Amino acid sequence: MEQFDQSLLHRYQLNQCTPEEYERVLEWFTTPEGREYLDIVMTRDLDMAKPDIMLSPSQSADLYQRIVDTTGQRQPRYRRSRWFTGLKAAAVVSGTLLLAYGGWKVYHHHRNTVIQTAYGEIRTVVLPDQSEVTLNGNTTLRYANNWERSASREVWVEGEAFFSVKPSTVPRSFVVHTASRMNVEVLGTTFNLVDRHGRMQVVLNTGKVRLHSNSTPEETIIMQPGDLVEYKEQVRTKVKNHTNTQRYSSWKRNSLQFENASFAELAQQLEDTYGVTVEIRDTSLLRQEFTGTVPSQQMDMLLEGLSQLFHLKVSHVNNIVIIERKSI
């Protein structure tokens, strides 16, 4: 798939583009690469959706008809038992996948509260039960508008977030669902969660949580304070006990702490959090591990800290960060 400006796509999702930028994004959506991107995003968002927000066949037909009425295209209505299959197929045939996705997002948001942070933004959200969720940059949090009336407290997260969960006055579980289809069940605790690129990591600061997968809910892991558990594509890859929990949530305090981290991991974190493209010119740096703390209030300040701490040449031009060794 063609690499498109991810920060521009993010601004488009937040309705923050200039007219020229909107035109550029919409033009890219008409390309095969743009349609593939829309297909992936639409499928991902629908996979994270709760069953109770699925449209009925009649609602699906009505939504699709509004789409084709808007575009002036007349295609047969698709009626399937699951609205997504019919709507998505119809949208592909009529060339209106973008509008189909947008129409679904309007319907989806109507029944949910959705908070999305921009690249580099840190934001704290207070949930209806007074639990707090601090979102790192490029992170989405979603919960149903009927939160207070539902039998359990459920939220959906994609990105990185720190949870401080309040115990419920009545028996109500608190469950965090992720795009990786892993679930974190909480009774009253604080923990850091990362869910990006099919990799999910949970670091427990206080309390107790239970992890389980949508595919194998009977297989669970009980975490204790200080534990780190990591999954990749729903397969457990790492379990640590008595880890330094504060290091994994250091971003909340506007700093990033690294311990035996590789520059490849650093590059991925910069791209995920700040929406830049990172080029490491000296490939030997990819295997080098480092330990240190750098400020993260602003990306340029972070890059300057990296440059001084590790004696590197770091430049930031046109949303591209280039890291290389300083010449002697």
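Me: How do you know which residue in S18 is the bridge partner of Thr277?
Reply: This is a predicted model, and in it Thr277 has Ile320 as its bridge partner in S18.

Me: Why are S15 and S17 said to stand at the edges?
Reply: The open sheet has three strands in the order S15-S18-S17, with mixed pairing. Strand S15 (277-280) and strand S17 (312-317) each have a single partner strand, so one side of each has no neighbour in the sheet. From one strand to the next, the twist averages 15°.

Me: Which helices go with this sheet, H8 and H9 being the names to look for?
Reply: Helix H8 (residues 263-274) lies across S15 and S17, at about 160° to S15. Helix H9 (residues 299-310) packs on the sheet too, touching S17 and S18, and its direction makes about 160° with that of S17.

Me: What makes Glu265 and Gln269 worth a look in the second largest pocket?
Reply: That pocket has a volume of about 800 Å³. Of its 29 lining residues, Glu265 and Gln269 are among the closest to the centre, along with Arg199, Gln201 and Tyr248. H8 is one of the elements giving two or more residues to the lining, while S14 gives the largest share, seven residues.

Me: How many residues of the lining are called charged?
Reply: Asp, Glu, Lys and Arg count as charged, and by that rule the lining has twelve charged residues, beside ten polar and seven nonpolar ones.

Terms used
Residues are numbered from 1 along each chain as its sequence is written. This is a predicted model: local features need pLDDT of at least 70, side-chain atom pairs count only at pLDDT 80 or more; totals for chains, interfaces and linings use all residues. Side-chain values use heavy atoms; hydrogens and water are left out. Two strands pair if DSSP finds at least two bridges between them. Helices (H or I, at least four residues) and strands (E, at least two) are DSSP runs, numbered from the N terminus. Axes are lines fitted to C-alpha atoms, for helices over the stretch in contact, and angles run from 0 to 180 degrees between N-to-C directions. Contact means heavy atoms within 4.5 Å. On a 1 Å grid over the protein atoms alone, a cavity is a set of points where a 1.4 Å probe fits but cannot get out, and a pocket is an open set with protein on both sides within 12 Å along at least five of seven lines; lining residues have an atom within 4 Å of a point. Grid points are joined across faces, edges and corners, and a volume is the space filled by probe spheres set on the points.
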